[in-house]
There are 2 protein chains.
Amino acid sequence: MESGHKAPMTARPGRSLSQTDRTRHRRLREQGPTDRAALDAVLAEGFLCHLGVMVDGTPLVVPTVYGADGSTLYVHGSVASRSLIASPGTDVCVTVTHVDGLVLARSVFEHGVNYRSAMVFGTPRPVTDPEEKLAGLRCLTEQAAPGQWDYARRPNRKELAATTLLALSLDEASVKVRTGPPDDGDGPDAALGLWAGVLPLHTTWGPPQADPLLPAGIAPPAHLTARAAGATRHG
Amino acid sequence: MESGHKAPMTARPGRSLSQTDRTRHRRLREQGPTDRAALDAVLAEGFLCHLGVMVDGTPLVVPTVYGADGSTLYVHGSVASRSLIASPGTDVCVTVTHVDGLVLARSVFEHGVNYRSAMVFGTPRPVTDPEEKLAGLRCLTEQAAPGQWDYARRPNRKELAATTLLALSLDEASVKVRTGPPDDGDGPDAALGLWAGVLPLHTTWGPPQADPLLPAGIAPPAHLTARAAGATRHG
């Protein structure tokens, strides 16, 4: 995260998942924890990523849904995937970010963001095998809406063929996390007598809103109402 | 947004802000509204963007804070900006996405996401003039934490010099929006008798959390407590 005005955010010890030129990047190395459990945790909490890919010589950053199964990240797409299928071997960067709050310091310079972010690098592989495609779509569906794969009508052969799915290995990835209060509480600015702390940001599900075309008498399934009752999940 | 399993999301009429190869992209053109007011609205509601840039031949997607003043997007950064300053003339794509809810259809294939997303394309310019840098930092600070620029200690000359700020014109941009219920309410799947609708996602500020190092008796300023009292803003 390039967050706030503080040039480098607080460095925290960590180790990279893999030492490549990309994950060895200075900012990535400075921040942690970058272990596999942290990566899985960040990916497990979201369902929306930003996929970066070169298209016609320009970077394109596309918001898209994803699913992660511990070793592979599945990405649904069309703009990016069309480009990627047209140019196999194209590298991408997939970033998932959860914003947890604003870090409000005594000085503007020390302002920042509490966040958890994962970056996954690699060359995605178009999923063509119908079995794997179905498993990948299940992963992706359950990541965004747990319970829906078993509840809704699953893709038929025609729909499966019309769906583009990409698989990206989680082997090359990096995690950055910033937590806690501002860092200027014991510096000279503490004498200014200003309030400082964190303004937390919460993401919550609201109650299910029925499709106006839904006939009367069809209640939302428990996996949806339970979620709205308090579970928090970041987009 | 590449969202859900439905290959193209519902096309809605709209016009591009500018007709370039990038914003004429098929998916971008298909969706709207892409007028300037819509762009300003999407940008005004967030403070976190994902900046995509090529670094050493690989796309890098970096979460970073931004400010938008109606004509310019200011981005704070170091990884990306170091690369950009080292290679002036490098194109970037800055994407801001607000997730509003999950679209839960009768069929998995029609599942999707309600969202608003803006993409800004261009070649960022490092801001070096101290006056403009101060104005840009003010824009960026007020976007994330309105009221803090006047409350906290502003950057001094040394801090200003240590801060990297990039300016990107809003002239070449694109907006995509998806709202409303699923699209299979009047199709054959309606006969399945399944619940369908939207699970809304809300982003809210919690009450300010004081820095543990804060002396007793310093209350959070009104612009922070008021925000926590109910204002919703996406990260």
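A polar contact is a pair of N or O atoms within 3.5 Å; within protein, one must be able to donate a hydrogen and the other to accept it, and residues adjacent in sequence count only if both atoms are side-chain atoms. This is a predicted model, in which local features need pLDDT of at least 70 and side-chain atom pairs count only at pLDDT 80 or more, while totals for chains, interfaces and linings use all residues. Residues are numbered from 1 along each chain as its sequence is written, chains are lettered from A and ligands numbered from 1 in the order in which they are written, and side-chain values use heavy atoms, with hydrogens and water left out.

Q: At what distance does the side chain of Glu142(A) reach the backbone nitrogen of Gly147(A)?
A: Glu142(A) is found in helix H4 (residues 130–144) of chain A; helices (H or I, at least four residues) and strands (E, at least two) are DSSP runs, numbered from the N terminus. Its side chain reaches the backbone nitrogen of Gln148(A) at 3.3 Å. For the backbone nitrogen of Gly147(A), the distance from the side chain of Glu142(A) is 2.9 Å.

Q: Is Glu142(A) buried, partly exposed or exposed?
A: Buried means under 20% relative accessible area, exposed over 50%, and partly exposed in between (1.4 Å probe, protein chains only). The relative accessible area of Glu142(A) is 24%, so this residue is partly exposed.

Q: What rotation superposes chain A on chain B?
A: Copies are superposed by least squares on the C-alpha atoms of residues with pLDDT of at least 70 in both. The shift along the axis is 0.0 Å and the RMSD is 0.0 Å, for a rotation of 180°. That is the relation of a two-fold axis. Thr203(A) is the residue of chain A that comes closest to the axis, at 2.2 Å (C-alpha), and the rotation asked for is 180°.

Q: How many residues of chain A are in contact with chain B?
A: Contact means heavy atoms within 4.5 Å. The copies meet through the same surface, because 100% of the interface residues of chain A are also interface residues in chain B. On each side, chain A and chain B, the number in contact is 102 residues.

Q: What area do chain A and chain B bury between them?
A: Buried area is the accessible area (1.4 Å probe) that two parts lose on being put together, summed over both. Carbon and sulfur atoms carry 68% of the area between chain A and chain B, which is about 8400 Å².

Q: Which residue of chain B meets Asp189(A) in a salt bridge?
A: Side chains of opposite charge can pair when their charged atoms come close. A salt bridge is a side-chain nitrogen of Lys or Arg within 4 Å of a carboxyl oxygen of Asp or Glu, and the count between chain A and chain B is four. Asp189(A) counts as buried at 14% relative accessibility. Its partner, 2.7 Å away (N to O), is Arg153(B).

Q: Which side chain of chain B does the side chain of Arg106(A) contact?
A: Arg106(A) lies in the loop between strand E4 (92–104) and strand E5 (112–122) of chain A. With a relative accessible area of 1%, Arg106(A) is buried. At 2.7 Å, its side chain makes a polar contact with that of Asp211(B).

Q: What is the distance between the closest N and O atoms of Arg154(A) and Asp150(A)?
A: The whole structure has 20 salt bridges over all chains. Arg154(A) counts as partly exposed at 39% relative accessibility, and Asp150(A) as exposed at 55%. In the salt bridge of Arg154(A) with Asp150(A), the closest N and O atoms are apart by 2.6 Å.

Q: What angle lies between the ring planes of Phe47(A) and Trp205(A)?
A: Rings of Phe, Tyr and Trp (its six-membered ring) pair if their centres lie within 6.5 Å; planes under 30 degrees apart count as stacked, over 60 as edge-to-face and the rest as tilted. The structure holds two aromatic pairs over all chains. One of them is Phe47(A) with Trp205(A), which is stacked at 5.9 Å centre to centre, with planes at 25°.
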